[in-house]
Amino acid sequence: MERVLARETSSSRAFAASIAAILVIGLCGYALLETAVRAVGQPPWLIDPQTAADRITALPAGVAPLLLGVTGAVVFAAGLFFFLNAVLPGRRARHVLADPRAAVVVDDEVIASALARRARLAANVTQEQVMVVVSRRQVLVNVRPTSGVPLREADVLAAVQAELRAMALSPMPEVRVNLASSGVIGA
């Protein structure tokens, strides 16, 4: 069950691996084509492999500094993309609910909706006055109170924390409540 939960809460690296494989296959295929063309005695398709190797070893001679800088930036950005995909933990916007009998994975949007409902009831405001954002480590509850109606931040915080404890999320996020300084006209 742990493998299933890990697979459902972690993002796949297949896209980045596919891009890297396509780039390597393309580069090797092109090198094979140029080598085969040279072996048969035909003129190179784009550039002779020996000429390409000579130009690479002679860098930066003969190349405009702007072109060299742009090429370096593109290669750096591609390398950074692949490096970060390999090193950083891929995480989907999901949490695990504790259940001894089944593997339960819930989208963060569903959790945010349930917490927004609980915060709305605790604050006695309309649906449009509450916005909840759920991330891996934090729940941010933004409430715009109704003008003239006092609202205690502690009440909303306690209600949202009670709902989170009832859900038994893993990992358990920290709750922050922000009350807007200006209210809305009540309906």
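**Close-up views of a predicted model**

**View 1. A hairpin links strands S1 and S2.** Six residues carry the hairpin from S1 to S2. The model shown here and in every other view is predicted. S1 covers residues 94–97 and S2 covers residues 104–107. The two strands run antiparallel and are joined by four bridges.

**View 2. S2, S1 and S5 form an open sheet.** The sheet has three strands, in the order S2-S1-S5, and the pairing is antiparallel. S2 and S5 are the edge strands, each pairing on one side only. Helix H5 packs on this sheet and touches S1, S2 and S5. The direction of H5 makes about 75 degrees with that of S2. Strand S5 spans residues 169–170 and pairs with S1 over two bridges, in the antiparallel sense. Val 96 stands opposite Ser 170 in S5. Leu 97 stands opposite Leu 169 in S5.

**View 3. S3, S4 and S6 form an open sheet with mixed pairing.** Three strands make up this sheet, in the order S3-S4-S6. Its edge strands are S3 (130–134) and S6 (174–179), and each pairs on one side only. Neighbouring strands are turned against each other by 15 degrees on average, direction ignored. S3 pairs with S4 (residues 138–143) in the antiparallel sense, over five bridges. Within this pairing, Val 134 stands opposite Val 139 in S4.

View 4. S3 and S4 pair in the antiparallel sense. H5 (residues 108–123) packs on the sheet and touches S3 and S4. Its direction makes about 145 degrees with that of S3. H6 (residues 153–167) also packs on the sheet, touching S4 and S6. The direction of H6 makes about 150 degrees with that of S6.

**View 5. The largest nonpolar core holds 21 residues**. Leu 115, Val 130, Val 132, Val 139, Val 141 and Val 156 touch the most other members. H5, S3, S4, H6 and S6 each supply at least two residues. H5 gives the most, with six. In soluble globular proteins, nonpolar side chains tend to be buried together. Val 139 has contacts with Leu 115, Val 132, Val 133, Val 134, Leu 164, Pro 173, Glu 174, Val 175 and Arg 176, leaving aside residues up to four places away in sequence.

**View 6. Ser 135 sits in the loop between S3 and S4**. Ser 135 counts as partly exposed because its relative accessibility is 32%. Leaving aside residues up to four places away in sequence, Ser 135 touches Arg 91, His 95, Asp 108 and Pro 173. Ser 135 and His 95 are 40 residues apart in sequence. In space they are 9.2 Å apart, C-alpha to C-alpha.

**View 7. The second largest pocket has a volume of about 160 Å³**. Its lining consists of Leu 27, Tyr 30, Ala 31, Ile 47, Ala 52, Arg 55, Ile 56 and Leu 59. The elements that give two or more residues to this lining are helix H2 (14–40) and helix H3 (49–57).

Technical notes: Residues are numbered from 1 along each chain as its sequence is written. This is a predicted model: local features need pLDDT of at least 70, side-chain atom pairs count only at pLDDT 80 or more; totals for chains, interfaces and linings use all residues. Side-chain values use heavy atoms; hydrogens and water are left out. Two strands pair if DSSP finds at least two bridges between them. Axes are lines fitted to C-alpha atoms, for helices over the stretch in contact, and angles run from 0 to 180 degrees between N-to-C directions. Contact means heavy atoms within 4.5 Å. A nonpolar core is a set of buried Ala, Val, Leu, Ile, Met, Phe, Trp, Tyr and Cys residues joined through side-chain atoms within 4.5 Å. Buried means under 20% relative accessible area, exposed over 50%, partly exposed in between (1.4 Å probe, protein chains only). On a 1 Å grid over the protein atoms alone, a cavity is a set of points where a 1.4 Å probe fits but cannot get out, and a pocket is an open set with protein on both sides within 12 Å along at least five of seven lines; lining residues have an atom within 4 Å of a point. Grid points are joined across faces, edges and corners, and a volume is the space filled by probe spheres set on the points.
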